[in-house]
Amino acid sequence: MLTERIWSGNSLRNFHYLIACAETGEALAVDPLEWRMCLDAAARRGWQIRQIVNTHEHSDHTGGNAGLKHATGATVAAHERAAARIGGVDHGLKAGDVIRVGRSVELECLDTPGHTLAHVCLLSHSDPPALYCGDTLFNAGAGNCYNGGDPEALYTTFVTQLARLPEETRVYPGHEYLVRNLEFTLDREPGNEEAAALLGTARRQDPAAAVVTTLGREKRINTFFRLQSPEVIARLRESFPEIGERPDAKTVFVKLRELRNRW
Ligand SMILES: [Zn+2]
Ligand SMILES: [Zn+2]
């Protein structure tokens, strides 16, 4: 399986992905907003884009569908409950569906509500595994929930699905927010040395060459995976004394998400 990450350079800081079969050159585009950039990247690699997947219904992920479909004849797939809102969707997706790209690539659909209630992540069981996670999980952060989402559902997605994936899973989110997210992690957990070291690197980095994290690393630098950290809990109690000394993980997650909304 081949992955090309395409940095949009737009104000929303979108990442697009092409996932291709090394044997046939057939490719799938994930959330191709700046669709001409995806077309150019495919041409450079000698790939043919045959499929489009939208991780969810927001227009910054679906706005390139029509252009790319017109240019390539690609089919469009999205969560079955997002399809009507997106329009022009050929295949509705649900948990456990397998998308094949060419002869060698299989992507499992995970139903991952939270950022919206009709969000899919694509999981490749390759070596190493890869997760294309839209606006559910960002590098060092989590998607917001104020445009059709639900923070408790996002918590459940994090804990029951994402956290259980192999540590070496490569994380491919829909936006590049690493610096801002690391700053939030360090605001919550100033003693997190790995996050501090990565922030130094990230500040000097061209977003087009941004680091690709793994799930194992996310568990160390992403405050939304660090719900048991004594420092995170102690800092959170300064803002929300009512959560008590031993808040449950869901409460910690939801309160972190609430703080991040206004941070
Ligand atoms: Zn979104
Ligand atoms: Zn987005």
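Begin by selecting the lining of the largest pocket, whose residues divide into five nonpolar, seven polar and four charged (nonpolar being Ala, Val, Leu, Ile, Met, Phe, Trp, Tyr, Cys and Pro, charged being Asp, Glu, Lys and Arg, and polar the others, Gly among them). This is a predicted model, in which local features need pLDDT of at least 70 and side-chain atom pairs count only at pLDDT 80 or more, while totals for chains, interfaces and linings use all residues. Residues are numbered from 1 along each chain as its sequence is written, ligands are numbered from 1 and chains lettered from A in the order in which they are written, and side-chain values use heavy atoms, with hydrogens and water left out.

The lining holds 16 residues, and H115, F138, N144, Y146 and Y177 lie nearest the pocket's centre. A pocket here is an open set of points on a 1 Å grid over the protein atoms alone, where a 1.4 Å probe fits and protein lies on both sides within 12 Å along at least five of seven lines, and lining residues have an atom within 4 Å of a point.

Next, select the zinc ion (ligand 2), which is coordinated by D60 (OD), H61 (NE2), D135 (OD) and H175 (NE2) at 2.0 to 2.3 Å; donors are N, O and S atoms within 2.8 Å of the metal (3.2 Å for Na, K and Ca), and sites may look incomplete because water is not among the atoms. D135 is buried at 4% relative accessibility, and H175 is buried at 2% (buried means under 20% relative accessible area, exposed over 50%, and partly exposed in between, with a 1.4 Å probe and protein chains only).

Then turn to E194 and R220, which form a salt bridge whose closest N and O atoms are 2.7 Å apart (a side-chain nitrogen of Lys or Arg within 4 Å of a carboxyl oxygen of Asp or Glu). E194 lies in helix α7 (residues 193-203) and R220 in helix α8, so the pair ties together parts 26 residues apart in sequence. Finally, select D187, R188, R235 and E238, which are linked in a network of salt bridges.

Notes
Helices (H or I, at least four residues) and strands (E, at least two) are DSSP runs, numbered from the N terminus.
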